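Keep the sequence and the 3D view open as you read.

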Amino acid sequence: MAKPSYSTPLGMVDILPDQTPSWRALEQIIHEEAAKFNFQEIRTPILEPTKLIKRGIGQLTDIVTKEIFAFQKGDTNYTLRPELTAPVVRSFVQHHLDQRGGVQKLYYIGPMFRAERPQKGRQRQFHQFGLEVIGSADSVADIETIAFMMRIYQRIGIKNFTLKLNSIGDLESRERYKQVLRDDLEPHRSKLSELSQQRLEKNPMRILDSKEPEDQEYIAKAPKIQDYLNEDSTIHFEKVKHGLQVLDIPFEVDTYLVRGMDYYTRTAFELSSPDLGSQDALAGGGRYDLLVEEIGGKPTPAVGFAAGMERLLIACEELNISLSEKSVLDIYIVSLGEEARNWALSFLPELRSHGLSASMDYTGRSMKAQMKEANREHTRFTIIAGENELNNRAFILRDMNKSVEVNLSAKEIISTVLAHKSRPK
RNA sequence: GAGCCCGUAGCUCAGUCGGUUAGAGCGCCAGGUUGUGGCCCUGGAGGCCGUGGGUUCAAUCCCCAUCGGGCUCCCCA
């Protein structure tokens, strides 16, 4: 056996046939729930101009400074998309979706790329689903966004998680707070972690998110954003909290929750699970009222979230939740001899046209080998067609669960199997 | 970017304190049943023991490097 010469790039995996059913089931759930919420799917390219990604997510964010896959082709710099909010907003602006009237309620499913060191629950190519509500400043948009997110986990049966909620204020509130925070931390500058020192000028709020032990004392004593929100932001935050309470969605306010992308304003939230290990964020999102304008559109408020599909599937595994059932083949035709094989081949389309799944041996092996194959494929019925059966036009239909056989014509076989399928279990 | 652990059959793993043909279970293939699966029995295929170099009479085992994987920190989905 030759050693494999090629393998997937670091941090990227093949999703093999025994895993695709779970993926498809998850995708199915997302599509169904999105339809119930009246969201429409959007699909955008895997590549985006690097400029868009940098502008959208923020030049100084971790994602942009060290995690993007970027390359040049001709005069253009491209980036493999690390998230989809900025691309969806780009699409919204590019195609003037605001001109269609109303609020754009969009959802997506697809691969994202970040050049990080892989570990459990973190890959370089991973998949997210998420949604973006563009064109509403109302708290209902925030609440419905969170409600959709929670609905997916609820439907799947993942209950062990924490929803953290915060408001990081609008532009005015935030600029005021940033200055207050800077003034508060500056005297302790030399005692802060190196990373936090760097953040002090550019993005002091990210310090609140620091896990460095030396920072904790100062973070705890630092002024809280809630005390610096202006009236609009405060009212908005109160409405969001109230809405979640009305919907019985439990949450905890975390004044230190600051998300990793620069575009967030006001509402920020994150869903984390103890079933995931160190990469415990299942999903996250927030409001981004300035991004559309930043990218070249008219000032347009928006809110959205993104969820990690691999992490969701890991949680399912930990909780022994299976999203899909074993697929069952309706009919496998065992045939013996050239003539019977030809008959089997010609009978397959007829079976399939009646909505049945049907297959046969592709290798010309022994009857026993064919039966083994039928068993391995979890076949419900096997048709046995040898010379005798072919001559008499009376085939054997074997019920693989009961190990019972009957002689039937081709027509009778179809009606028997169809009747069996339509019977309630 | 930093730290720790690990690379032996398709999969999960034994093993060799360095010494003739490297093992098991599962899976795969075939036979036992000249036309019958799942259980059982028998047999078979499948490994230059991740790769390169070093030490040695001798390396899958020791040493170094490298690649790959896992976990952690940072950050995030």
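Two strands pair if DSSP finds at least two bridges between them. Helices (H or I, at least four residues) and strands (E, at least two) are DSSP runs, numbered from the N terminus. This is a predicted model, where local features need pLDDT of at least 70 and side-chain atom pairs count only at pLDDT 80 or more, while totals for chains, interfaces and linings use all residues. Residues are numbered from 1 along each chain as its sequence is written, chains are lettered from A and ligands numbered from 1 in the order in which they are written, and side-chain values use heavy atoms, leaving out hydrogens and water.

Q: What is the strand order in the open sheet of 3 strands?
A: The sheet is open, and its pairing is antiparallel. Strand 2 (47-49) and strand 3 (69-73) each have a single partner strand, so they stand at the edges. The order is 2-4-3.

Q: Which residue in strand 4 stands opposite Glu48?
A: Strand 2 and strand 4 (residues 76-80) pair in the antiparallel sense over 3 bridges. Opposite Glu48 stands Thr79.

Q: What angle does the direction of helix 2 make with that of strand 2?
A: Helix 2 (residues 50-57) packs on the sheet and touches strand 2, strand 3 and strand 4. Contact means heavy atoms within 4.5 Å. Axes are lines fitted to C-alpha atoms, for helices over the stretch in contact, and angles run from 0 to 180 degrees between N-to-C directions. The angle is about 75°.

Q: How do helix 2 and helix 4 lie: roughly parallel or roughly perpendicular?
A: The axes of helix 2 and helix 4 (residues 85-94) come within 9 Å and cross at roughly 110°. Angles under 35 degrees count as roughly parallel, over 145 as roughly antiparallel, 65 to 115 as roughly perpendicular and the rest as oblique. So helix 2 and helix 4 are roughly perpendicular.

Q: Which residues in helix 4 meet Leu52, Ile53 and Gly56?
A: Leu52, Ile53 and Gly56 belong to helix 2. Their partners in helix 4 are Ala86, Pro87 and Arg90.

Q: Is Ser91 buried or exposed?
A: Ser91 lies in helix 4. Buried means under 20% relative accessible area, exposed over 50%, partly exposed in between (1.4 Å probe, protein chains only). Ser91 has a relative accessible area of 7%, so it is buried.

Q: Which residues of helix 7 are exposed?
A: In helix 7 (residues 194-202), Ser196, Arg199 and Leu200 are buried. They cover an arc of only 120° (from the directions from the helix axis to the C-beta atoms), which puts them on the same side of helix 7. On the other side, the exposed residues are Glu194 and Lys202.

Q: How many residues of strand 9 are buried?
A: Strand 9 (residues 265-272) pairs antiparallel with strand 7 (residues 162-167) over 6 bridges. Strand 9 also pairs antiparallel with strand 10 (residues 281-287) over 6 bridges. Strand 9 is largely enclosed by the rest of the structure, because its buried residues number 8 of the 8.

Q: Which residue in the turn between strand 15 and strand 16 has a positive phi?
A: Strand 15 (residues 395-399) and strand 16 (residues 404-408) pair in the antiparallel sense over 5 bridges. The two form a hairpin with 4 residues between them. The phi is about 55°, and the residue is Ser403.
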